[in-house]
Amino acid sequence: MEVKSNLLIQMDILGLIQANILTPVVLFFLLGLVAARIKSDLKMPDAISEFLPIYLLAAIGLHGGLEMRNTGFDSMLIPMLTAIGLSLVFTLNHYQILRRLGKFNIFDSYALASTYGAVGAVTFSVGLSFLKNQDVASEGYLTAVLAVLEPVSFILAIFLTNLAVSKQIKSKKKSLSSDLGNNEKILGMVDQSKTNLSGVLRESITGKAIIVLLGSIIIGYAIGDKGFESISIVFDGLFTGAIAIFLLEMGIIAGQRLDDIKKVGVFLVIFSILIPTFNGIIGVFVATALGLSLGGAVMFGLLMASASFIAAPAVLRHAIPQAKPSLYITSALGVTFPYNIIILLPIMFSVSSIVHNVDGSINLFNYFGIDL
Amino acid sequence: MKLFDVKLLTVTCEILAQKAILEILSKHGITGYTSYEVEGNGSKGIRGHGFKNEKNIKIEIVSTEEKLKDVAEEIARYLFSDFAIILYFSDVQVIRSEKFI
């Protein structure tokens, strides 16, 4: 392990990115992308593209549950609360950037802010398979952090959107106070655009992603390594292969959306690359400071960097229907996702290796790694 | 056989608008409808492939003209601006008119 890490850090980041591109997961993604670009009729059967996310969530849930049983989860609370805090701060930060610098309207700004504040389970799966490839372990409780983080930034964004709509109603009330007849009808229309927060909360907690993820964590914790043996061929042996197939599908969908990237504008494309980089690297630093391992810090950073593109449209289309889905789906899936899995993941791995001081040459963050 | 004249309202929309439409139906006391997944092309581009959430759906509702006009008005007012939706009316005849009141 020590020797392997030493070898790894000797490769420069560029070399690691190059090596990462030549993994089956990334190559299948690129294949899907190419297939969509040349208008091939390649298409995943519907049932499989609905099944694979459930399988991936179950596999990462079981993996997390098993790890938690082996290592305990006493140390889980602080990283989890930190992750929630960071996610909220990042969401607010995204909103300010989008609204002030990007000149997006309130609805698009909040929808995009929460898409980038939220986490991506697919990205998380790719991260796990990347670490598996490097033979580096990560803390199992990060899967539980993934489950808890899922609704956080949506709830904040919807709450703030509601607040903004309430303000609009108030100002409309003022301007309409002379004209009593039409008052009620117009107010009713504005009122309709407010979303029931508790409804959204209930929906996202009882949604299939959270149920499968939390359920599998509990099952993994309950069965332990011995119980897992009987199903490990499906949930461990097939894991990377299943991701490769799923990424073929993601590549196709992303490829079909590449034309839309011109429509989302240069600002959003730059935002979709800089924001994950910034959030991810902060995540790696914070996680290292909290005492997470090399792999754990990479996964923590990935949680902060990833954008949601499966859960986000389902939640936001109901909660903030005024926002344009083409903006947040295209930027999250078409730009951020490929960037995260191809380029940012190796970068974060290198940063994490440096701050964990595995090569012993850079002492800048030495004190972080004292008890590792 | 005696046939009764009623109206058929057909709504084609993105799948994520379905819930809102069903809420409007139940608000107007309409409990019966048929829905199915569809694909197609329109002003928002080719729809129907990609994620499940981006599929289109077609909802058919048979009822009296009066009720369906209220429903259509509400859909137009609240959903037209934010969702991909088209809707149209057609004349149909039914045998058991009491089922469609």
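Which residue forms a salt bridge with A:Arg257, and how many Å apart are the closest N and O atoms?

**View 1. The A:Arg257 pair in helix α13.** In this predicted model, the partner is A:Asp260, with the closest N and O atoms 3.7 Å apart. The two residues sit 3 residues apart in helix α13 of chain A, so about one helical turn separates them. A:Arg257 is buried, at a relative accessible area of 12%.

View 2. A:Lys132 belongs to helix α7 of chain A and A:Asp236 to helix α12 (residues 232-237), so the pair ties together parts that are 104 residues apart in sequence. A:Lys132 counts as partly exposed, with 40% relative accessibility. A:Asp236 also counts as partly exposed, at 36%.

View 3. Take the contacts in chain A between residues at least 6 apart in sequence: 87% of them join residues at least 24 apart. The chain exposes about 16600 Å², with carbon and sulfur atoms supplying 66% of that area.

**View 4. A:Lys39 and its positive phi.** Zoom in on the loop between α3 (24-37) and α4 of chain A, and you'll find A:Lys39. Its phi is near 55°, a positive value in a residue other than glycine. For context, most residues other than glycine have a negative phi. Is A:Lys39 buried or exposed? A:Lys39 is exposed, with a relative accessible area of 71%.

**View 5. A:Asp135 and its positive phi.** This one is in the loop between α7 (121-134) and α8 (142-176) of chain A. A:Asp135 has a phi near 65°, again positive in a residue other than glycine. With a relative accessible area of 51%, A:Asp135 is exposed; the cut-off for that word is over 50%.

**View 6. Where chain A touches chain B.** The contact draws on 22 residues from chain A and 14 residues from chain B. About 1600 Å² is buried between the two chains, and carbon and sulfur atoms give 58% of it. How many salt bridges does the rule find across the interface of chain A and chain B? There are 2. One of the salt bridges links A:Arg317 to B:Glu14, where the closest N and O atoms are 3.0 Å apart. On the chain A side, the elements giving two or more residues are α4 (46-71), α9 (180-192), α13 (239-264), α16 (311-319) and α17 (325-355). That side divides into 10 nonpolar, 5 polar and 7 charged residues. The rule also finds 2 residue pairs in polar contact across this interface, both at pLDDT 80 or more.

**View 7. Salt bridges involving chain B.** Over all chains, a search of the whole structure finds 12 salt bridges. One to look at is B:Lys69 with B:Glu65, whose closest N and O atoms are 3.2 Å apart. Both are in helix α2 (residues 65-79) of chain B, and because they are 4 residues apart, about one helical turn lies between them. B:Lys69 is partly exposed, with a relative accessible area of 48%, and B:Glu65 is partly exposed at 37%. Elsewhere, A:Lys43, A:Asp46 and B:Lys55 are joined into one network by salt bridges that share partners.

Methods. Residues numbered from 1 in each chain as written. Chains lettered and ligands numbered in written order. Predicted model: local features only at pLDDT ≥ 70, side-chain atom pairs only at ≥ 80, totals over all residues. Heavy atoms only, no water. Contact = heavy atoms within 4.5 Å. Buried area = accessible area lost by both parts, 1.4 Å probe. Salt bridge = Lys/Arg side-chain N within 4 Å of Asp/Glu carboxyl O. Polar contact = N/O pair within 3.5 Å; in protein donor to acceptor, adjacent residues only side chain to side chain. Nonpolar A, V, L, I, M, F, W, Y, C, P; charged D, E, K, R; others polar. Areas by Shrake-Rupley, 256 points an atom, 1.4 Å probe, with all protein chains shown as cover. Buried < 20%, exposed > 50% of the residue type's maximum accessible area, 1.4 Å probe, protein only.
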